[in-house]
Amino acid sequence: MAFREPDPQELELTPEAFRQLVEEVASRLADHLATLPEQRASYPTADAVAVADSARGDAPETGQEIGPLLDLVLGPLVDATFNTASPGYLAYIPGGGLPQSAVAELVASVINRYSGVWLAAPGLVQLELDVIRWFCRMLGYGEGSGGFLTTGGSLANLSALVAARTERLGEEFLDGTYYVSDQVHHCVTKSAGLAGLPARALRTVPTDDRLRLIPDALDEAIRKDRAAGLHPFLVVASGGTTNTGAVDPLPEISRVARRHDLWLHVDAAYGGFFAMTERGREALAGLELADSVTLDPHKALFLPYGTGCLLVRDLETLRRSHGGAADYMPTLQDAAERVDFCQISPELSRDYRGLRVWLPLKLHGFGAFRRALDEKLDLARWAADELAAMPEIEVVDRPQLSVVPFRLRLPGASVEEANAANRRLLERVNDEGRVYLTGTLLDGRFTCRICVLSFRTHRDRVAEALDAIRRHAVAGVSELVSEG
């Protein structure tokens with residue numbers, strides 16, 4: 001059989017060609033960053049189908065120049081997005097995407113080293129282990145603690161559930177029960193299903209007037225299940241909910257968990273890094289008592305999406321629940337200071353995530369991040385004060401971290417009328433394009449939210465949001481209701 005010799009250079013870039021490619025991309029991205037303050041914070045979602053259709057294309061047989069490809073991606077496609085990098089993005093849970101991390105990602109992707117096994121890249125793995133150690137110390141975890149970087153809070157919560165199930169229930173887990181508040185992030189219950197727990201295992205515990213899990217109600221629910229012959233094994237508390245930024249009373253919940261020998265996991269994907277600040281540590285008191293904690297560096301460390309973290313008080317619990325072996329694997333480690341990430345996480349193949357966290361922290365130091373987070377706490381409190389001073393606005397709860405929930409004050413309006421009016425208020429603020437806010441339902445009532453978290457968001461943009469809210473609320477309360 002004839003063998004056709006391919007061009008050995010067809011997919012290879014010369015050093016000069018690589019330099020030119022990176023320089024062109026860097027130039028275009030620098031222009032993009034320079035215009036961020038003027039870009040819309042979101043786009044009219046009615047155009048979504050047309051935008052998606054415009055991006056369709058057949059698989060190319062021959063190559064194309066980089067310029068037109070960047071024109072497409074950095075032009076109409078990036079314009080039609082929720083602009084999560086904008087200083088006006090106050091929706092959901094912002095992050096911002098530090099470009100310093102993108103530089104680290106370029107380095108990591110070009111060197112393309114495997115980090116799932118310690119022996120494959122001991123020095124590079126150590127950089128990632130340093131990041132984990134820094135995070136453990138930030139929380140107050142001591143010797144024997146550890147964890148891993150993952151893609152986000154969803155997979156971190158999944159691994160925490162698997163570890164808790166393994167440690168507390170073993171192989172017979174179908175009679176297990178776990179406990180969450182009615183404000184828990186939906187990925188927790190989704191993860192429970194992926195971990196094999198049946199829907200009947202879920203127990204939803206009520207919250208207080210600030211939407212925090214009630215410890216006494218938790219204790220009562222556990223006792224009731226024990227009396228029924230079931231096996232309570234896990235409670236998931238929140239260190240900053242998505243709805244309102246609520247922080248559950250962690251010391252009291254920890255005492256209940258210890259009393260009944262339950263694993264305590266805290267989903268602090270949004271709020272955990274506020275523990276770097278004095279006010280955050282006070283709000284998150286008791287975080288160090290948890291058996292496991294989820295953090296998202298792509299939220300309150302401002303890093304690019306795809307950067308999550310799970311920490312555990314005892315690293316061996318992850319080895320017992322996630323370990324595995326095969327004849328083709330290299331020598332695995334058993335020393336405490338040498339960790340094979342494939343033995344403590346779900347992934348064997350994984351990208352090298354450590355550099356995208358390590359480099360920004362080394363470039364700027366923890367102090368810069370601490371000061372930025374303190375600013376976000378200040379801005380949220382200022383926004384709440386300003387909203388509370390508006391007669392047309394009701395602040396639903398004072399910020400526990402950096403989320404401010406609010407809605408129109410509409411005496412005499414039905415729930416349906418009020419919900420419709422608040423939705424229209426949100427639409428009108430967002431239509432201006434300078435800020436993007438989102439809402440949620442609290443006890444069936446539509447509630448608007450400001451979430452201040454991006455490193456690019458400062459007082460001037462929050463002031464613009466407040467001005468837009470004030471103008472549309474003052475000018476249009478009666479109109480917003482009558483339009484319903």
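Let's start with Leu13, which is partly exposed, with a relative accessible area of 42%. Leu13 sits in the segment before helix 1. Keep in mind as you look around that this is a predicted model.

Leu13 belongs to a nonpolar patch on the surface, together with Phe18, Leu21, Leu106 and Val110. Together these residues have about 390 Å² of accessible area. Which helices supply residues to the nonpolar patch? Helix 1 (15–34) and helix 4 (99–111) do, each with at least two.

Helix 3 has 14 residues. From its first C-alpha to its last, helix 3 reaches 19 Å, close to the 20 Å expected at 1.5 Å a residue. Gly67, Leu70 and Gly75 are buried in helix 3, and what covers the buried residues of this helix includes helix 1.

Move on to the loop between helix 3 (66–79) and helix 4, and you'll find Tyr92. Tyr92 has a positive phi of about 45°, although it is not a glycine. With 40% relative accessibility, Tyr92 counts as partly exposed.

Now take a look at helix 7 (residues 186–194), where Cys187, Val188, Ser191 and Ala192 are buried.

What covers the buried residues of helix 7 includes helix 6 (153–169), strand 2 (176–181), strand 4 and strand 5 (263–267). The face turned away from the buried side carries the exposed residues His186 and Lys190. Just after helix 7 comes Gly196, which takes a positive phi of about 95°.

The loop between strand 3 and helix 8 holds Leu211. Like Tyr92, Leu211 is not a glycine, yet Leu211 has a positive phi of about 65°.

One of the residues that touch Leu211 is Thr244. Thr244 is found in the loop between strand 4 (231–238) and helix 9. Is Thr244 buried or exposed? Thr244 is buried, with a relative accessible area of 2%. Leaving aside residues up to four places away in sequence, Thr244 touches Leu211, Val403, Pro405 and Leu442.

## Salt bridges across the chain

Side chains of opposite charge can pair when their charged atoms come close. How many salt bridges does a search of the whole structure find? It finds 30.

One of these is the salt bridge between Arg210 and Asp397, whose closest N and O atoms are 2.8 Å apart. The pair links distant parts of the chain, 187 residues apart. Arg210 is in the loop between strand 3 (202–205) and helix 8 (215–227), while Asp397 is in the loop between strand 8 (393–395) and strand 9 (403–408). Arg210 is partly exposed at 26% relative accessible area, whereas Asp397 counts as buried at 11%.

Asp219 lies in helix 8 and Arg259 in helix 9 (residues 250–259), so the pair ties together parts that are 40 residues apart in sequence. Asp219 is buried, with a relative accessible area of 12%, but Arg259 is partly exposed at 49%.

Next up is the salt bridge between the side chains of Arg279 and Asp374 (2.9 Å, N to O). Where are the two partners? Arg279 is in helix 10 (residues 278–283) and Asp374 is in helix 13 (residues 354–388), 95 residues apart. Arg279 is partly exposed, with a relative accessible area of 29%, and Asp374 counts as partly exposed at 24%. Elsewhere, salt bridges that share partners join Glu105, Glu347, Asp351, Arg353 and Arg356 into one network.

Technical notes. Residues numbered from 1 in each chain as written. Predicted model: local features only at pLDDT ≥ 70, side-chain atom pairs only at ≥ 80, totals over all residues. Heavy atoms only, no water. Salt bridge = Lys/Arg side-chain N within 4 Å of Asp/Glu carboxyl O. Helix = DSSP H or I, 4+ residues; strand = E, 2+ residues; numbered from the N terminus. Buried < 20%, exposed > 50% of the residue type's maximum accessible area, 1.4 Å probe, protein only. Patch = residues over 30% accessible without salt bridge, like charges linked within 9 Å, V, L, I, M, F, W, Y side chains within 5 Å. Areas by Shrake-Rupley, 256 points an atom, 1.4 Å probe, with all protein chains shown as cover. Contact = heavy atoms within 4.5 Å. Expected span 1.5 Å × (residues − 1).
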